Amino acid sequence: MQFTAAQIALLINGQVEGDATVAVSSFGKIEEAKAGQLSFLANPKYEDFLYQTQASIVIINQNQVLKQPVHSTLIRVEDAYAAFAALLSKYQQLVSEQLTGIEQPSYIAPTAQLGENIYIAAFVYIGKHAKIGNKVKLFPGVVIGDNVTIDDNTILHAGVKVYNNCQIGKNVTIHAGTVIGGDGFGFAPLNDGSYKKVPQMGNVIIEDNVEIGSNATIDRATIGSTIIHCGAKLDNLIQIAHNVEIGQHTVIAAQAGVSGSTKVGNHVMVGGQAGIVGHLTIADGSKINAQSGVSKSIKQPNSIVTGTPAFEYTAALRSQAASRKLPILEKRVMELEKLVQQLLAERVTS
Amino acid sequence: MQFTAAQIALLINGQVEGDATVAVSSFGKIEEAKAGQLSFLANPKYEDFLYQTQASIVIINQNQVLKQPVHSTLIRVEDAYAAFAALLSKYQQLVSEQLTGIEQPSYIAPTAQLGENIYIAAFVYIGKHAKIGNKVKLFPGVVIGDNVTIDDNTILHAGVKVYNNCQIGKNVTIHAGTVIGGDGFGFAPLNDGSYKKVPQMGNVIIEDNVEIGSNATIDRATIGSTIIHCGAKLDNLIQIAHNVEIGQHTVIAAQAGVSGSTKVGNHVMVGGQAGIVGHLTIADGSKINAQSGVSKSIKQPNSIVTGTPAFEYTAALRSQAASRKLPILEKRVMELEKLVQQLLAERVTS
Amino acid sequence: MQFTAAQIALLINGQVEGDATVAVSSFGKIEEAKAGQLSFLANPKYEDFLYQTQASIVIINQNQVLKQPVHSTLIRVEDAYAAFAALLSKYQQLVSEQLTGIEQPSYIAPTAQLGENIYIAAFVYIGKHAKIGNKVKLFPGVVIGDNVTIDDNTILHAGVKVYNNCQIGKNVTIHAGTVIGGDGFGFAPLNDGSYKKVPQMGNVIIEDNVEIGSNATIDRATIGSTIIHCGAKLDNLIQIAHNVEIGQHTVIAAQAGVSGSTKVGNHVMVGGQAGIVGHLTIADGSKINAQSGVSKSIKQPNSIVTGTPAFEYTAALRSQAASRKLPILEKRVMELEKLVQQLLAERVTS
């Protein structure tokens with residue numbers, strides 16, 4: 001898809017300076033953009049690049065003063081960054097809307113129900129009694145189990161697997177390779193030291209507007225549901241165990257893990273590679289720093305914790321700082337011991 | 001599949017109270033169950049839910065006294081939890097046994113050998129000279145390399161990939177997206193600072209009754225075999241490096257990793273996000289706590305270790321507790337220094 | 001494929017002792033090898049196995065003295081280990097070169113361009129305008145997005161997914177299940193506590209001679225490119241966030257993660273499960289130990305850091321050692337306090 005400066009100016013309500021017929025087909029940072037690309041200048045630090053860039057079109061702020069001649073066509077708008085971001089979103093929507101139809105070979109069980117304007121790529125598998133909403137997009141290699149429901153406008157990228165009976169809401173995006181609804185890790189120890197599997201009969205419910213990264217794993221509940229509530233954002237390689245609940249608009253960074261039956265509140269932020277023990281409750285608005293290991297429930301909303309085991313942030317920082325000075329503290333204690341011994345010896349001899 | 005209260009009572013040797021013709025088709029927790037679901041009451045804490053539940057059928061203990069009228073059909077048995085768990089297992093077996101046949105399109109090399117009563121889903125790939133045992137189930141998108149053997153009753157969920165020459169035993173379950181037999185991470189440094197790949201010619205052997213979670217990775221040996229011994233249970237997103245051995249009935253929680261050539265003993269428990277350095281030996285029955293980093297072999301059976309680097313559990317707890325009080329300890333030392341200086345000064349002046 | 005001792009001796013310029021017509025079809029460690037396998041003896045510690053091994057052929061050093069009769073056919077060479085490693089490499093190349101052709105069913109967009117002598121397995125998906133170089137191998141279930149370029153001799157193992165517009169160089173190997181080019185984790189907080197997605201319009205560039213393990217995730221840039229430079233080696237389950245750069249010949253062990261916009265230098269070594277915070281710079285030649293959490297840029301080349309937050313290695317070791325002795329230090333301080341109080345009391349009363 002190509003767009004001229006004139007077309008873009010219309011979309012973002014801007015004024016063209018230069019050749020309005022110049023066209024672009026992709027986007028680039030101002031310091032890297034090539035001919036045929038659209039860029040923007042918002043941060044004054046990058047102004048020098050404006051005079052050097054090879055971008056065919058650059059969106060700039062209304063009030064941007066030019067100190068040198070510019071080779072690119074310019075489009076002036078109120079807020080260059082906001083206009084650029086809005087264009088990106090519109091572009092993605094446009095590209096996305098063009099993607100419809102059912103490619104072959106695909107496998108769709110005769111009892112599956114398909115919505116309108118959907119995209120089903122080649123090598124997609126849809127199981128029995130699955131219900132796929134309108135405008136849903138299933139990329140190559142997606143596997144939808146029996147009785148799964150996927151609501152409108154949801155996008156499952158290549159190789160996402162959804163086990164039987166799971167439910168996925170509207171406007172959900174799940175990135176490639178993620179597994180929804182694998183068995184929870186439940187085994188009962190037997191007397192001989194071996195383990196007997198506890199059947200995992202529940203499912204996973206993913207509510208509206210959730211986004212999940214690539215190669216993450218969200219296990220089905222033992223009974224009942226593992227639930228990812230509305231608007232939560234989960235990054236790549238995240239582990240969500242059975243019967244966990246993740247609150248609304250909670251954000252979890254890559255490689256973090258939440259153990260079984262833990263309830264994470266709303267608007268919580270979990271840092272990368274952090275871990276949360278099972279059967280805990282994490283209060284709304286809490287922040288769990290990267291690589292922390294949370295071993296107790298967090299009851300106070302908006303708490304900030306860090307470390308393994310995690311505790312209150314500023315106390316943890318003080319303890320970390322003290323820990324760095326430990327070898328020095330040890331020397332100070334040794335010195336004190338010498339002096340006190342000396343004082344004691346003098347006392348005895350005096 | 002639907003079952004009536006009468007049918008279920010027969011299966012679990014129970015007595016029906018209420019309408020024996022009521023039928024259920026799924027399972028639910030007593031606090032969440034809906035009409036058409038089967039539930040159970042075992043924990044007295046949940047008794048109140050018995051009088052409110054919408055479950056069509058509830059399994060209860062023989063001696064359960066009813067304080068209010070109950071809307072559900074009841075089935076009384078000796079041990080409600082055990083009966084419910086047994087039902088779940090029977091149900092899963094029933095569902096599983098119904099799944100047979102070869103869906104199309106699938107790709108099966110002409111030299112592959114297939115057992116009886118197997119299930120091969122659409123988009124499954126089976127390489128040359130592979131041997132698939134009886135009652136094996138391969139879900140959509142499973143990839144079986146050349147010369148792979150998979151023994152009876154084993155289940156590979158959607159998108160599991162098994163590289164050439166690997167061997168998988170009986171009654172093994174591997175969840176979606178897991179990779180068995182990728183190359184070990186072996187590179188020899190060259191003089192110019194680049195690396196030369198060390199060919200990874202070995203394989204992976206997974207013994208009987210092993211279960212592995214979703215999106216885990218188990219690398220092939222450089223030469224010889226990486227071995228997961230009988231009955232081991234591995235959770236999601238686990239990394240097992242080349243030439244590692246995991247002992248019988250050892251349990252490893254999600255996102256943990258074991259580095260190359262390490263031998264983990266039998267009946268070991270490894271917590272989530274823990275890591276074990278390469279070329280170590282971990283004694284039988286050891287417990288490695290979550291997020292620990294094990295940097296030395298554990299020689300004493302039944303050891304418990306924690307922390308990074310991991311050391312003996314109670315000592316680690318004591319050190320952690322002391323670490324929390326470090327800023328206070330520092331103040332105490334400062335106070336001592338003042339007092340000792342005062343004493344020294346007095347001595348000099350006296 | 002079978003090779004006789006005579007054929008192998010020719011390949012590695014060795015001399016046969018014993019039956020030169022004996023043939024082997026696979027490789028084994030000398031302590032485990034079976035009939036029909038080729039092995040080697042380089043380390044004198046393993047010499048006893050030479051007299052017991054069932055390997056059909058064993059490669060040994062020129063000057064190896066035999067203390068007992070040997071059942072295997074021997075091939076004597078200057079350096080047994082180097083000769084064996086060279087054989088493995090030649091064997092893998094031979095096996096690899098035999099793999100060509102396009103299996104069915106596969107999905108290849110009509111506008112895709114395919115090189116010569118390629119292997120495209122069944123269930124491979126190639127999107128619009130993708131360019132696939134010569135001798136490229138795409139294993140079953142690989143998904144190549146629109147406009148992706150893959151240069152000569154590159155191997156993508158089963159189920160690798162490459163999103164639209166990404167570029168992969170020559171001689172690259174990516175193991176099964178890895179995802180290249182998923183959306184970066186970019187969300188802007190809104191006033192109501194929910195998040196708005198920041199479109200991720202950039203791509204991933206993987207340069208020549210890179211190897212990436214299984215089930216790793218490398219996110220596309222917001223704008224511009226996430227870049228894995230020439231010769232870098234990344235292990236399984238690694239997370240590389242948007243706009244990261246990984247330097248030439250840098251090695252990253254399993255389950256490590258690099259957050260957004262961080263630039264990791266050349267010849268850096270990152271240990272397993274380590275994490276690096278976003279927007280940092282890591283100097284060339286640095287070593288980051290396993291499970292470390294790097295929260296500040298590393299400016300000094302060849303630095304070694306450890307711990308969370310990571311700091312200089314020997315200082316960290318000293319602090320760790322001191323930390324272990326903390327409970328003892330506390331007792332020493334308590335003892336000092338008693339003595340000083342005693343001295344103070346004596347002073348007052350004297």
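By what turn, and with what shift along the axis, can chain A be laid on chain C? In this model, which is a predicted one, the superposition takes a turn of 120° and a shift of 0.0 Å along the axis, and chain A then lies on chain C with an RMSD of 0.1 Å. That is the relation of a three-fold axis.

Let me turn to the interface between these two chains. On the side of chain A there are 60 residues in contact with chain C, and on the side of chain C there are 61 residues that meet them. Between them the two chains bury about 4,700 Å², and 64% of that area lies on carbon and sulfur atoms. If you look for individual contributors on chain A, Phe123(A), Arg324(A) and Glu330(A) supply 13% of the area that chain A buries against chain C, which is more than any other three residues supply.

Now for the polar side of the interface. Between chain A and chain C the count is 25 residue pairs in polar contact, with both residues at pLDDT 80 or more, and the count of salt bridges is three. In one salt bridge, the side chain of Glu211(A) meets that of Lys197(C), at 2.7 Å from N to O.

As for which elements of chain A take part, helix 3 (80–98), strand 28 (233–234), strand 31 (251–252), helix 4 (313–324) and helix 5 (326–349) each supply at least two residues of the side that touches chain C. Helix 5 of chain A gives the most, with 13 residues. Sorted by class, that side of chain A has 30 nonpolar, 19 polar and 11 charged residues.

Terms used:
Residues are numbered from 1 along each chain as its sequence is written. Chains are lettered from A and ligands numbered from 1 in the order in which they are written. This is a predicted model: local features need pLDDT of at least 70, side-chain atom pairs count only at pLDDT 80 or more; totals for chains, interfaces and linings use all residues. Side-chain values use heavy atoms; hydrogens and water are left out. Contact means heavy atoms within 4.5 Å. Buried area is the accessible area (1.4 Å probe) that two parts lose on being put together, summed over both. A salt bridge is a side-chain nitrogen of Lys or Arg within 4 Å of a carboxyl oxygen of Asp or Glu. A polar contact is a pair of N or O atoms within 3.5 Å; within protein, one must be able to donate a hydrogen and the other to accept it, and residues adjacent in sequence count only if both atoms are side-chain atoms. Helices (H or I, at least four residues) and strands (E, at least two) are DSSP runs, numbered from the N terminus. Ala, Val, Leu, Ile, Met, Phe, Trp, Tyr, Cys and Pro count as nonpolar, Asp, Glu, Lys and Arg as charged, and the others, Gly among them, as polar. Copies are superposed by least squares on the C-alpha atoms of residues with pLDDT of at least 70 in both.
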